[in-house]
Amino acid sequence: MNKGGAFFGVGYLLGLFVALVAFWLAMSGLMKPLLLSLGAVSVAITLFLAMRLDVVDKESAPYLRWPVFIGYWFWLMGEIIKANWRVIRACLRADLDINPALVKVKTRCKSDLAKTTFANSITLTPGTVTLSVEGDKLLVHALYEQDAEPGAFDDMDRRTAAAAEGAPA
Amino acid sequence: MEIWEAFLANFHAWRPWAGALLCVLGAVLVVIGTVGVVRFPDFYTRMHAASVTDTSGATSLLLGMGLMSPDLVTVFKLAAIWVFLFLTGPTATHAIANAAHVAGMQPVTGARARGDVGEREGD
């Protein structure tokens with residue numbers, strides 16, 4: 001761990017604390033003392049367990065990147081709607097015109113978080129599923145070969161890298 | 001602006017109808033996904049059809065339920081369900097697909113997938 005590690009550790013813990021408290025309040029919506037104290041105990045136990053497990057880092061609490069992630073999320077929603085339309089048409093066409101293919105996709109993402117986001121984005125988009133991730137190569141199964149031709153995932157790859165790693169878009 | 005104000009003023013009047021409409025749309029999308037699961041030739045292609053169910057189908061159903069819900073706490077809970085679905089859905093899909101891939105299941109590719117619909121290979 002570097003010098004800033006301890007400082008950021010406290011920051012991430014605080015962020016997790018705020019997120020958990022907000023989540024509890026929004027979920028219960030009741031302000032009775034008993035429920036609030038139960039919430040406080042739950043938050044304390046969760047924080048303790050997270051610290052014990054040593055999972056409080058920029059991957060489990062990436063709230064500094066939230067604005068970028070939300071932008072990416074909206075763009076991904078658009079892609080999902082477009083892809084949904086293609087798969088719905090494929091399901092309902094009288095003559096089956098699918099053309100499934102296996103392709104290898106190279107990614108520019110370096111960190112595990114970015115790679116996971118990229119692989120999950122591909123899987124979330126109907127018509128393409130990530131089968132495996134090895135190093136910087138993803139094995140993708142596509143319902144239509146033309147959806148997965150070289151360069152088809154370039155845009156998503158670039159945006160994921162920008163959102164999860166802060167790489168210039 | 002006037003139209004917008006009228007739109008908001010009648011929000012509670014059209015809310016249940018819009019919600020019901022979205023729920024029906026969601027149900028239709030789920031049925032379409034199921035049709036795809038039945039029609040597509042092999043495991044991997046069927047997975048694509050199933051993903052229609054858990055992306056647009058679930059989104060539409062949850063939006064409809066949100067419009068019909070009595071208070072904001074319920075809306076927030078539905079939103080949380082939606083976020084968790086969109087995080088766990090692809091993870092589960094990937095786990096299943098990866099298991100099939102690791103087990104050595106070969107996908108039917110290209111034109112072969114279009115013929116022999118209904119005849120499955122190897123299982």
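This is a predicted model: local features need pLDDT of at least 70, side-chain atom pairs count only at pLDDT 80 or more; totals for chains, interfaces and linings use all residues.
In what crossing, left-handed or right-handed, does helix 3 of chain A pass helix 2 of chain B? The crossing is left-handed.

**Chain A**

Two domains divide chain A: domain 1 covers residues 4-53 and domain 2 covers residues 64-165. Their C-alpha centres are 34 Å apart. Chain A has 169 residues, of which 27% are buried. When contacts in chain A between residues at least 6 apart in sequence are considered, 66% of them join residues at least 24 apart.

**The contact between the chains**

On the side of chain B, 34 residues are in contact with 29 residues of chain A. Helix 2 (11-39), helix 3 (43-68) and helix 4 (72-102) of chain B are the elements that each give two or more residues to this side. Helix 4 of chain B supplies the largest share, 12 residues. Sorted by class, the side of chain B that touches chain A holds 16 nonpolar, 15 polar and three charged residues.

**A helix pair across the chains**

Helix 3 of chain A, residues 66-92, packs against helix 2 of chain B with the axes 8 Å apart and at an angle of about 60°. The two helices are therefore oblique to each other. The residues that make this contact are listed by helix below.

| Helix | Residues in the contact |
|---|---|
| Helix 3 of chain A | A:Val87, A:Ile88, A:Ala90, A:Cys91, A:Leu92 |
| Helix 2 of chain B | B:Ile32, B:Gly33, B:Val35, B:Gly36, B:Arg39 |

By class, this contact of helix 3 of chain A with helix 2 of chain B comprises seven nonpolar, two polar and one charged residues.

**One residue of chain B**

Helix 4 of chain B includes B:Leu87.

Definitions and conventions. Residues are numbered from 1 along each chain as its sequence is written. Chains are lettered from A and ligands numbered from 1 in the order in which they are written. Two residues are in contact if their C-beta atoms, placed from the backbone, lie within 7 Å. Helices (H or I, at least four residues) and strands (E, at least two) are DSSP runs, numbered from the N terminus. Ala, Val, Leu, Ile, Met, Phe, Trp, Tyr, Cys and Pro count as nonpolar, Asp, Glu, Lys and Arg as charged, and the others, Gly among them, as polar. Axes are lines fitted to C-alpha atoms, for helices over the stretch in contact, and angles run from 0 to 180 degrees between N-to-C directions. Angles under 35 degrees count as roughly parallel, over 145 as roughly antiparallel, 65 to 115 as roughly perpendicular and the rest as oblique. A crossing is left-handed if the near helix is turned anticlockwise from the far one by less than a right angle, and right-handed if clockwise. Domain bounds come from an automatic or database domain assignment. A residue is buried if 20 or more other C-beta atoms lie within 10 Å of its own, exposed if 12 or fewer, and partly exposed in between; C-beta atoms are placed from the backbone.
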